[in-house]
Amino acid sequence: MSTQLREHVQEDGDGPTAPTDVRSDWTSEEIAFLFDLPFPELLFRAASVHRQCHDPSRIQLSTLLSIKTGGCPEDCGYCSQSSKADSGIKATKLMEPQEVLQCAAQAKDSGSERFCMGAAWRNPKDRDMPKIVEIVKGVRAMGMETCMTLGMLSPSQAEMLADAGLDYYNHNIDSSPEYYQRVTTTRTMSERLDTLSNVRAAGMNVCSGGIVGMGETREDRVGFIHTLATLPEHPESVPINSLVPVRGTVLGDILAESPVGRIDDIEFVRTVAVARITMPHSAVRLSAGRENMSEATHALCFVAGANSIFTGDKLLTAPNAGEDTDAKMLRKLGLSSGTGPCSDDVVGGRNKPRENVL
Ligand code: SAM
Ligand code: DTB
Ligand code: SF4
């Protein structure tokens, strides 16, 4: 191994207790090296980085709501909401602000800190923006952090959302650049990256991650993390979804026939650990796919540096673990909700959330 690589991945010497640098110059070789480490060593390094930057006993809780479901013109092979899928999801119109606020109030009562709203759009139309702005202002006025995922944004739409007070914008890169074009043909990775840079330029916090278990290779997972970890600024929030295979979607049908494409639990935990090491200050969120994940795998993910989950019985359209199950698990593991003070310094963005800063 080169001297440079040894230094960056801290193979020896001070190892994982060396000060945690934030780097945007990770090489694919370094990331592949981390993925290849003996599992206990990888976990130890990830856990060490985690406690330098975060309170390891705290898990941030977010809740999702689909504010406009189905009928999406994009052809993302994993998604039940694509109009190309035969998933039985009924297309709806954009919800009225009052209905959204009622759902947000319920989420707040259940202890959720952030309300994440998703729309099955390629991009919002300008005529949708006044309602979206009203929703952001309303949820924020309730004292919750706000996040939206509405598809691609123009610079002026990003400005509008930032002006309304939106704290986070979610826009996933989803996989490696190579695998992405096999999964979605109606848009490019470079368009995804343009939206991320519009969100950044508008001063909002960036939430961007992806999906594993779509039949991609280890090399694709390296490329996925490499793309995120070499962004000029790391996303404040990195959701790691495990594919929820939905019948009637291209990937759901393939994986139903050939479950070998499903991701192994240890490989999932490795992905979380490598995300933690390469993006030390980001919140790493266990997103879709927790419903069938064992408590033991959850526990390994939390050791590996995951520090956020989606709560509630439903994601956007797919089922989720559910509040009681999560509350029981967090209690059993001695973890509490919230993000605690030690990571207060990491979030930029002009709409810096008031309390539970990631
Ligand atoms: N239309 C917007 C977009 O594509 O950015 C927002 C909604 S989209 C449903 C948000 C994210 O959900 C996707 O980028 C993908 O990472 C995740 N997702 C969708 N379907 C999924 C599935 N079946 N399993 C796991 N993650 C999924
Ligand atoms: C993210 O990365 N995962 C969430 C959120 N961001 C919008 C969505 C998961 C969707 C899972 C499939 C569904 O519910 O339809
Ligand atoms: Fe549409 Fe988003 Fe689903 Fe793709 S992931 S089909 S853009 S809702």
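User: What distance and angle describe how helix α4 (residues 97-109) and helix α5 (residues 129-141) pack?

Analyst: The two axes come within 9 Å of each other and cross at roughly 30°. Axes are lines fitted to C-alpha atoms, for helices over the stretch in contact, and angles run from 0 to 180 degrees between N-to-C directions. Helices here are DSSP runs (H or I, at least four residues; strands are E, at least two), numbered from the N terminus. One caution before we go on: this is a predicted model, where local features need pLDDT of at least 70, side-chain atom pairs count only at pLDDT 80 or more, and totals for chains, interfaces and linings use all residues. Residues are numbered from 1 along each chain as written, while chains are lettered from A and ligands numbered from 1 in the order written.

User: Why are α4 and α5 called roughly parallel to each other?

Analyst: Angles under 35 degrees count as roughly parallel (over 145 is roughly antiparallel, 65 to 115 roughly perpendicular, the rest oblique). Their crossing is at roughly 30°, so α4 and α5 are roughly parallel to each other.

User: What makes the contact between α4 and α5?

Analyst: Pro 97, Val 100, Leu 101 and Ala 104 of α4 meet Lys 131, Glu 134, Ile 135, Gly 138 and Val 139 of α5 (C-beta atoms, placed from the backbone, within 7 Å). By class, this contact has 6 nonpolar, 1 polar and 2 charged residues. Asp, Glu, Lys and Arg count as charged; Ala, Val, Leu, Ile, Met, Phe, Trp, Tyr, Cys and Pro as nonpolar; the others, Gly among them, as polar.

User: Which residues make up the shell around ligand 3?

Analyst: Cys 72, Glu 74, Cys 76, Cys 79, Gln 81, Ser 82, Ala 120, Arg 122 and Gly 151, each with its C-beta atom, placed from the backbone, within 6 Å of the ligand. They divide into 4 nonpolar, 3 polar and 2 charged. The shell around ligand 2 has 8 nonpolar, 9 polar and no charged residues.

User: How do you know how confident the predictor is?

Analyst: From pLDDT, its confidence in each residue, from 0 to 100. The chain averages 90, and 88% of the residues score at least 70. Over residues 1-18 the pLDDT is below 50.

Technical notes: Contact = placed C-beta atoms within 7 Å.
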